[in-house]
Amino acid sequence: MILILKENTDSNGEEYRQLMEYLANLENVEARIHHETGTEKTVTEIYLIGNTSTLQLEEMESFPCVDRAVRVSEEYRILGRHHVDNRTTHFEYNGVRFGQDNLNVFAGLCAVDTPAHVGIMMRALQEHGQTCTRMGAYKPRTNPYSFQGHGKSCLPYVFELAGKYGIRVIAIEVTHDLHIREIREALDLTGQPTGVMLQIGTRNTQNFELLKSAGRQAEFPVLLKRGFGITLEESLNAAEYLASEGNRRVVFGLRGMKTNLGDPHRNFVDFAHIPAVHRLTRMPVCIDPSHSVGSREADADGIMDIFHVTAQGVIAGANMILVDFHPAPSKALVDGPQALHMDELGYFLEDIQIARKAYEQRVQLARGHYDGKDVAG
Ligand code: PEP
Ligand code: MN
């Protein structure tokens, strides 16, 4: 059960004390408190874990500081959507809004190689009105002899260039909790010119110790990618690990699933799951067309598969797009063949807008058609 307290409830006040005293006396029920501090208000939620079946919602709502009590199912308690649950489906980070109802593009380098390439990428993003990017510093590679990423040594120049070109959020994959510390140190060293979204990659979706570390810190939001060989439910539970440790600023990333060798795409594109993740949870959903498709192959219509699957994701309501670009793909140290070229950035963004407008029209059409009635009914 979740108790959502009235806005700005004073945790030193009498009403709060009364409630906490009551909860402390319940047998086999643990209360976990979570304060969500926004720009205008602080919301406190209390998660009651354990034997809550005998607790009545009305009884809990009779405490003066309790606004609402919500009974949750076992699954995805924090990030899930539950019956009579109108908790938020968005969060803000460093001036950027991440929600189930909006869209951010994170175009950038799969792997940071040189300051010059990082600068070219970020300048182009600024010229196209973009404030987010992806920059891989720690690369989890299949082959131990492949380039492993420049690691912490590249972070200072990446952050300085981000500050210079107005980039507010950089998605950076981490594979160890040490990396989170290194990112924090580099941001401090450079005077916090930008923000970072920690990316947990498909190879680490069920690295529970890493999830716990990223969940315990409150500074950075997390993009958790779906595991490429596990069920959707298992991946959503992995996201719940982050939230259960305290960090619920989580974006869920679809990046394709492993299938047979010889398939046309690097991974089987799974963007049809966007509406399902929206329905099951309150997380914004990211798609990664680059790692799903894995090549610059195009249809006879002249449109690259990467563009096609991006549009398919956006028209189904995707909220974030992580995509590889490179100023000199033949010199890229990782994933050059799937990178889009700098002169394709404007075209790519325009193509996304077509799909996004179509999605918004589809939402209006559905609303008009059902006119507030239950779709399933
Ligand atoms: C990446 O985004 O660079 C990456 C390695 O992705 P994934 O974890 O989806 O393979
Ligand atoms: Mn890559």
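User: How many residues in the shell around ligand 1 are nonpolar, polar and charged?

Analyst: Start by sorting the neighbours by class. This is a predicted model, and its shell around ligand 1 has 1 nonpolar, 4 polar and 7 charged residues.

User: Which residues are around ligand 1?

Analyst: For the charged class, you have R134, K139, E173, R203, K225, R255 and D288.

User: Which side chains have an N or O atom close to an oxygen atom of ligand 1, and at what distance?

Analyst: Here you look for pairs of polar atoms within 3.5 Å. The side chain of R255 puts an N or O atom 2.6 Å from a ligand 1 oxygen. For K139 the value is 2.8 Å, and a polar side-chain atom of K225 also lies 2.8 Å from an oxygen of the ligand.

User: What are the protein donors of the manganese ion, ligand 2?

Analyst: The manganese ion takes SG of C110, NE2 of H291 and OD of D335, at 2.0 to 2.3 Å. Their spacing reads C-x180-H-x43-D. H291 belongs to helix α9 (residues 289-293), while D335 is in the loop between β14 (320-326) and β15 (340-341), so to speak a link between distant parts of the chain, 44 residues apart.

User: What is the volume of the largest pocket, and which residues are closest to its centre?

Analyst: The volume is about 1,000 Å³. Of 36 lining residues, E36, G38, T88, H90 and F91 are the closest to the centre. Strands β1 (2-5), β2 (29-37), β3 (42-50), β4 (66-70) and β5 (90-93) each give two or more residues to that lining. By class, the lining divides into 10 nonpolar, 13 polar and 13 charged.

User: And which elements supply the lining of the second largest pocket?

Analyst: This pocket has a volume of about 800 Å³. Its lining has 20 residues, with H278, Y359, V363, A366 and R367 closest to the centre. Helices α8 (274-280) and α11 (345-370) each supply at least two lining residues, and α11 has the largest share, 8 residues. The classes come out as 9 nonpolar, 3 polar and 8 charged.

Technical notes
Residues are numbered from 1 along each chain as its sequence is written. Chains are lettered from A and ligands numbered from 1 in the order in which they are written. This is a predicted model: local features need pLDDT of at least 70, side-chain atom pairs count only at pLDDT 80 or more; totals for chains, interfaces and linings use all residues. Side-chain values use heavy atoms; hydrogens and water are left out. A residue is near a molecule or strand if one of its heavy atoms lies within 4 Å of it. A polar contact is a pair of N or O atoms within 3.5 Å; within protein, one must be able to donate a hydrogen and the other to accept it, and residues adjacent in sequence count only if both atoms are side-chain atoms. On a 1 Å grid over the protein atoms alone, a cavity is a set of points where a 1.4 Å probe fits but cannot get out, and a pocket is an open set with protein on both sides within 12 Å along at least five of seven lines; lining residues have an atom within 4 Å of a point. Grid points are joined across faces, edges and corners, and a volume is the space filled by probe spheres set on the points. Helices (H or I, at least four residues) and strands (E, at least two) are DSSP runs, numbered from the N terminus. Donors are N, O and S atoms within 2.8 Å of the metal (3.2 Å for Na, K and Ca); water is not among the atoms, so sites may look incomplete.
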